[in-house]
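Here's a quick briefing to read with the model open. Take a look at the fold, then run through the points below.

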Amino acid sequence: MSGLKHLTAAFSAVAPPAPARRPGARPPPAARTARREPGPSRLAYRLNRLWLTPFYRRLFRIGLPLLLVAAITGLWLSDETRRANLTGGVAAVVENIQSREAFMVRTMEIEGASPAVDRALRAMLPVTLPASSFDIELRDLREAVERLDAIEKVEFRIRPGGILSAVVVEREPAILWRHARGLDLLDAQGHRVASVTSRDVRRDLPLIAGEGAARHTDEALALIDAAGPILPRLRGLERVGERRWDVVLDRGQRIMLPTARPLPALRQALAMDAQDGLLSRDVTVIDLRDPARPVLRMGLTAQNTLRRAAGLPEIDGDGNLIEPEEGGAKTAAAGNAARRGG
Amino acid sequence: MRQARRAAMARGVLAVLDIGTSKVTCIVLQFDGPGQFRESDGVGPMAGQSSFRVIGQFTTQSRGVRYGEIETMAETERCVRHAVQGAQKQAGVRVDHVIATISGARPASYGLAGEIALRSGKVTEEDVAAALAACEVPDFGRNRDVLHAQPVNFAVDARSGLSDPRDIVGDRLAVDMHVLTIDGFAASNLVQCVQRCDLELAGVGSAAYAAGRAALVEDEQELGAACVDMGGGVTGVSLFLKKHMLFADAVRMGGDLVTRDISAGLRVPLATAEWLKTRHGGLEATNRDDREMIDVTPERDEHWDGERRTVSRADLIGIMRPRVEEILDGVREVLEVAGFDQMPSRQVVLTGGASQIPGLDGLAMRILGQNVRIGRPLRIHGLAQQHTAPCHAATVGLALHAANPQDEWWDFEMPVERAGVVGLRRAYRWFRNNW
């Protein structure tokens with residue numbers, strides 16, 4: 001048994017003694033950490049199932065962020081000052097960029113324009129140079145400039161170096177047009193170029209007159225081209241009744257041209273003139289309105305010559321008979337009228 | 001329930017839920033391919049075969065279940081939610097329909113017989129339904145619900161043993177039906193538990209039946225075998241012949257009882273007892289076991305007095321063996337009542353968690369007869385390694401049952417019950433109430 005004593009002694013030395021307890025007292029409750037029950041709560045379970053449904057998944061993953069972004073943006077922008085600040089800031093940044101050196105336009109160069117047009121063009125520029133090229137809308141400018149009568153075509157380009165170059169093609173006036181409101185210069189297509197005060201401004205251009213003449217400028221120019229021999233005597237073309245041309249010559253002579261195909265009629269008249277010297281005679285009007293039946297209207301001298309040759313009394317400028325010696329004009333006129341009527 | 005199952009198959013995703021005494025397992029099946037659930041096939045080899053795949057699985061410890069029946073609803077619900085959520089997460093889809101197992105719940109098997117005269121000279125589906133309706137139903141007792149009612153044998157005139165009598169010429173058609181009833185409260189509790197987890201019940205199966213389908217090979221099912229599912233709370237026994245289940249019963253003893261015995265006998269906590277049983281348990285003691293000492297020192301807490309404790313494996317075996325013998329004796333009694341001796345081939349297959357005890361097959365051979373083997377469940381596609389252990393036989397069996405369902409009475413359009421005969425319909429009131 002002594003061996004056992006050794007053992008027990010060793011045991012009691014090594015092992016810590018049992019904790020002393022007051023008799024009758026319950027042992028202190030174990031401070032055990034409450035083990036969490038595995039398994040989800042009903043709410044967690046239902047949420048998990050919801051998340052597995054593709055419809056709700058899409059709704060939350062895509063719809064919710066969109067909604068949040070829209071809501072935040074809306075709230076942020078609802079304040080007036082913030083909106084103003086935002087627009088002001090954006091405008092400032094834009095202004096900053098647009099005013100950069102590389103974008104500035106400093107000068108304007110115009111080619112192919114007469115001084116008046118040049119001045120007009122420079123005045124038509126909507127901005128004062130130097131300006132940013134973002135402010136100059138070339139297309140609008142071109143349309144505005146082309147509305148000017150004097151300019152047929154204009155090309156705008158902004159060249160590097162800040163130069164706005166305009167290449168202008170002006171309208172060439174081809175003819176003068178006199179109408180009720182004044183005197184206009186027209187180009188070969190009948191488009192108005194400018195208004196002039198008197199015919200002497202452009203002595204070298206032919207003249208047409210009458211309402212609606214501008215619309216048939218090409219016809220008029222063709223007629224003028226064809227009127228070679230009588231060109232020095234040509235005073236102009238008149239548009240009669242907006243239907244047909246009248247060639248007006250000096251010394252009060254007219255050639256009435258038909259509505260359709262006036263050019264062959266004119267040539268016919270010129271041929272008659274070349275043949276018989278018609279225009280150098282006392283003829284007031286050559287009426288070719290019906291080309292198959294040319295009609296001549298004679299002047300007073302020619303009429304009287306014919307009457308003398310026929311033995312008839314001559315007439316004066318008013319159409320009254322001139323009795324050679326006896327009688328007044330009244331009885332001679334009555335006798336003539338009776339003889340004519342008979 | 002037909003509609004629920006059809007809806008589940010149409011959606012293609014189905015969950016199998018096994019609520020047991022020791023664990024709750026949920027596996028999610030995906031049905032794909034052309035073999036969809038075809039209800040029109042009617043009698044015979046199942047109403048349509050389907051190919052399926054396991055896409056999610058989860059097991060958790062079960063609480064609130066005793067002897068296979070739900071005792072504490074809240075705890076069991078939580079475990080079910082845990083298992084279902086885990087399986088859903090792994091599968092990545094939400095499951096709405098679930099097929100559940102019931103183990104234990106005091107099952108009772110009845111064999112019913114019905115006979116009709118054929119009107120058209122040959123057997124049609126309406127005749128089969130009429131024959132099923134003509135079975136005289138005995139009084140099942142108070143508060144009993146029918147779990148399975150399967151036609152197991154058809155006989156036309158004198159020819160018996162037909163499994164599919166359609167279009168057979170004859171005068172009379174007789175049918176043998178096997179009806180399995182369980183305690184009504186257990187069934188209602190299960191239904192309510194499932195419903196509270198936002199799931200729809202698409203089918204219910206007996207755990208013993210499911211284990212038999214998983215652990216018995218086809219030859220055994222054809223020639224006759226008994227499957228013993230040794231679970232935690234209940235040991236289920238099911239008899240199979242000609243690919244149909246003939247009998248099912250349960251012994252209210254299981255592996256948990258063994259654990260409790262160890263805990264009481266060796267004065268160790270339950271967790272340690274469980275560990276001892278699974279890690280060092282056995283049933284055959286040898287000389288070596290006397291000397292093999294297992295350290296069962298309790299955890300360091302304020303009651304620890306510094307003493308190290310060891311037990312020998314022989315002690316452990318000495319505690320486990322009587323209880324296991326008692327369980328096997330119970331199984332033998334059940335088999336005797338079932339008429340197991342008259343079966344052509346008396347093969348016994350042990351499965352379930354408690355069947356993994358080393359030395360069980362030797363002990364079982366002495367008690368249950370010569371043809372005893374330890375069975376594992378059938379392999380199904382996609383199942384993880386840990387779920388192919390014998391303790392998951394019921395789960396796997398139920399998955400097979402879901403894919404290849406056996407004809408049940410409610411697959412047939414039953415005619416209106418005749419006067420005086422207590423038809424089957426009335427017995428199935430709770431089906432209508434719950435679904």
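Start with Arg332(B): leaving out residues up to four places away in sequence, Arg332(B) touches Ile367(B) and Leu368(B), where contact takes C-beta atoms, placed from the backbone, within 7 Å. Bear in mind that this is a predicted model, in which local features need pLDDT of at least 70, side-chain atom pairs count only at pLDDT 80 or more, and totals for chains, interfaces and linings use all residues. Residues are numbered from 1 along each chain as its sequence is written, while chains are lettered from A and ligands numbered from 1 in the order in which they are written.

- Arg332(B) sits in helix 10 (residues 313-338) of chain B; helices here are DSSP runs of H or I with at least four residues, strands are E runs of at least two, and both are numbered from the N terminus.
- With 18 other C-beta atoms within 10 Å, Arg332(B) is partly exposed (20 or more within that distance is buried, 12 or fewer is exposed, and in between is partly exposed, with C-beta atoms placed from the backbone).
- Val237(B) is 95 residues from Arg332(B) in sequence, yet their C-alpha atoms are 9.7 Å apart in space.
- Glu218(B) belongs to helix 6 (residues 218-223) of chain B, and is exposed, with 9 other C-beta atoms within 10 Å.
- From Glu218(B) to Lys243(B) is 25 residues along the chain and 7.5 Å between C-alpha atoms.

**Chain B overall, and the cores**

- Chain B has 14 helices and 18 strands, and 47% of its 435 residues are buried.
- Of the chain B contacts between residues at least 6 apart in sequence, 72% join residues at least 24 apart.
- The largest nonpolar core has 122 residues, and Ala15(B), Leu29(B), Val98(B) and Cys227(B) have the most contacts inside it; such a core is a set of buried Ala, Val, Leu, Ile, Met, Phe, Trp, Tyr and Cys residues joined through C-beta atoms within 7 Å.
- Helix 10 of chain B gives the most to this core, at ten residues.
- Beyond four places in sequence, Val98(B) has contacts including Ala15(B), Leu17(B) and Val194(B).
- A second, separate core has 24 residues, among them Leu176(A), Val247(A), Ala265(A) and Leu288(A).

**Where the chains meet**

- 13 residues of chain A are in contact with 13 residues of chain B.
- On the chain A side, that's seven nonpolar, three polar and three charged residues (Ala, Val, Leu, Ile, Met, Phe, Trp, Tyr, Cys and Pro count as nonpolar, Asp, Glu, Lys and Arg as charged, and the others, Gly among them, as polar).
- Helix 2 (residues 42-52) of chain A packs on helix 2 (residues 73-91) of chain B at about 20°, with axes 11 Å apart; axes are lines fitted to C-alpha atoms, for helices over the stretch in contact, and angles run from 0 to 180 degrees between N-to-C directions.
- That makes helix 2 of chain A roughly parallel to helix 2 of chain B (under 35 degrees is roughly parallel, over 145 roughly antiparallel, 65 to 115 roughly perpendicular and the rest oblique).
- In this pair, Tyr45(A), Asn48(A), Arg49(A) and Leu52(A) meet Arg81(B), Gln85(B) and Gln88(B).

Definitions and conventions
Two residues are in contact if their C-beta atoms, placed from the backbone, lie within 7 Å.
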